[in-house]
Amino acid sequence: MMIPRRQLLIGLCVAVTVDAFAPPIIAVTRYAQHPTTTSHNMMPMSDVLQNTIMNLDQLNNSILTMDQAAAETLAGPFFGLSLFPYLAFLYFLNLPQNETPKGVTVGFATCLLFVFLTIPAAIGAKVWYGVSLADSDWLHGSAESLLTVTNLVTVIAFRQALSYKEQEMDGIGATMPESMVSYRPMVNLVGGLTALAGLTAFVPGLMGAEVHTPYLNGFMDIPFQLSARHPEPENALTVGCWVIHISSLVEWLVAMGFCWRWADVSNNPKWRGLTWGLLPLHSSGITACTYHLFYNSIPVLVPLQAMLTCFGNTTAMFAAYRIAVSNGWRAPWGEILALNEEDSSNAIQEEDSQSLVGFEDLGDALATDNDWTFIAKLFAGCAVASYLVKYGELWFDFPFESELYLSLAFIFIPSLLNSFKWWKRSQDPTFDGWF
């Protein structure tokens, strides 16, 4: 009986991992049970190390040679499991004790719309063209635009609520935005933007779009071939699709910054924990962009993104749980890991309310702009970055070489710097950051 290749690959990954760590564990166990046993009854340490190195090398080769089908098979369970902690995150965030602005809850909840509407797009790409969603630009851009809607609505609602709260703290009379106390304004915005995103999928579909039909007909792309070092692959993202991806990353950073500032206006430092909780999800977004930077040629990044998404949804859930507990909510199932304990450091000192200058502080830097000019400036900056990425990478060799370890550097170096920046900010509010 022939074993399907992707099942064989998964089994191989599990087998070599177990085999790599089993010998030293067995050796230690035997020694613990029979400390006086002579060395010929044990595997020599040099053999253990050699066997471990060999099996890790096999695991490394399996990862490097992973095909798209195996990558999607590995990613599927993580994406599926990630839904449950995200639903819990929304539940905890929306508890009345937290007084979370209603529009912010709508923004985060819109991510569910992105998840569920991406499924038919992925099925369409596979059934119609035999490719993954990422390799069909018009379907990919239409689906991913819903993620931009999610982050944009979250940022706008948070921005409105923060502006009101900070003016109130400064003794300036201001009208409370409806999005603070009602779901309706942001639900209406989500509905309109989702309908617009739907048109970008339905219109090309009715007109017989092909696998590599550009998103929005490539209206933002340079209309002539550049004499760059490399020709552009046919599955390269259009500028419009890059704008969606980059703006999603920037909007998420802005939302993280808003969570940090909300800790000040609500006098509850647990909101800063939500900034930390959202960090893995930002790394997940970086992973997706890195995958596209290498023209979708490193399949293992797909399950890596799925794992980061699952982990990030879990940390976001935990952070929202801590916010709820700090505001007086008690879990009906009782004390868990002392999470229902009172926090004696619930007050925030005024000197800790200073802010940094970075992507996460664009909301503060553009505080004098209205919502429309804020959005226009944000997307203009993302458009410039998109042109630089799309056409700039054609002058380098690395995007065409599928180097796994380089791609991991693109993901984890910014993530670690971002984490260190937030840690530094928590220790020193005068720290200016780097990005």
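**Figure 1. Salt bridge between E178 and R184.** A salt bridge joins the side chains of E178 and R184, with an N to O distance of 2.4 Å; the term denotes a side-chain nitrogen of Lys or Arg within 4 Å of a carboxyl oxygen of Asp or Glu. The model is predicted, so that local features need pLDDT of at least 70 and side-chain atom pairs count only at pLDDT 80 or more, whereas totals for chains, interfaces and linings use all residues. Residues are numbered from 1 along each chain as its sequence is written, and side-chain values use heavy atoms, with hydrogens and water left out. E178 is partly exposed, at a relative accessible area of 38%, and R184 is likewise partly exposed, at 47%. Here buried means under 20% relative accessible area, exposed over 50%, and partly exposed in between (1.4 Å probe, protein chains only). The structure holds seven salt bridges.

**Figure 2. Salt bridge between R261 and E166.** The side chains of R261 and E166 form a salt bridge of 2.8 Å, N to O. This pair links distant parts of the chain, with R261 in helix α9 (residues 239–266) and E166 in helix α6 (residues 137–169), 95 residues apart. Helices (H or I, at least four residues) and strands (E, at least two) are DSSP runs, numbered from the N terminus. R261 is buried, with a relative accessible area of 9%, whereas E166 counts as partly exposed at 25% relative accessibility.

**Figure 3. Salt bridge between D264 and R272.** The closest N and O atoms of the salt bridge between D264 and R272 are 3.1 Å apart. D264 is buried, with a relative accessible area of 16%, and R272 is buried as well, at 13%.

**Figure 4. Aromatic pairs, with W262 and W271 as one of them.** The structure holds 20 aromatic pairs. The ring centres of W262 and W271 lie 6.4 Å apart and the planes meet at 70°, so this pair is edge-to-face. Rings of Phe, Tyr and Trp (its six-membered ring) pair if their centres lie within 6.5 Å; planes under 30 degrees apart count as stacked, over 60 as edge-to-face and the rest as tilted. W262 is buried at 2% relative accessibility, and W271 is buried with a relative accessible area of 1%.

**Figure 5. Tilted pair of Y295 and F400.** The rings of Y295 and F400 have centres 5.1 Å apart and planes at 35°, so the pair is tilted. It links distant parts of the chain: Y295 belongs to the loop between α10 (270–293) and α11 (301–326), and F400 to the loop between α13 (371–392) and α14 (404–427), 105 residues apart. Y295 counts as buried at 8% relative accessibility, while F400 is partly exposed, with a relative accessible area of 29%.

**Figure 6. Surroundings of T100.** T100 lies in the loop between α4 (83–93) and α5 (102–129) and is buried, with a relative accessible area of 6%. Leaving aside neighbours within four places in sequence, T100 is in contact with L93, T105, M180 and W271, where contact means heavy atoms within 4.5 Å. T100 and W262 are separated by 162 residues in sequence and by 9.6 Å in space, C-alpha to C-alpha.

**Figure 7. Aromatic cluster and a charge over a ring.** Y86, F89, F108 and W252 are linked into a cluster by ring pairs. In a further view, R159 lies over the face of F374, at 4.5 Å from the ring centre. A charge sits over a ring if NZ of Lys or CZ of Arg is within 6 Å of the ring centre and within 35 degrees of the ring normal. F374 is among the buried residues of α13, which also include I375, L378 and C382.

Figure 8. α11 has 26 residues and reaches 37 Å from its first C-alpha to its last, close to the 38 Å expected at 1.5 Å a residue; the expected span is 1.5 Å times one less than the number of residues. Of the 26 residues of α11, 19 are buried, so this helix is largely enclosed by the rest of the structure. Just after α11, G328 adopts a positive phi of about 105°. α13, with 22 residues, reaches 31 Å from its first C-alpha to its last, close to the expected 32 Å. The protein chain as a whole comprises 14 helices and zero strands, and buried residues make up 46% of its 435 residues.
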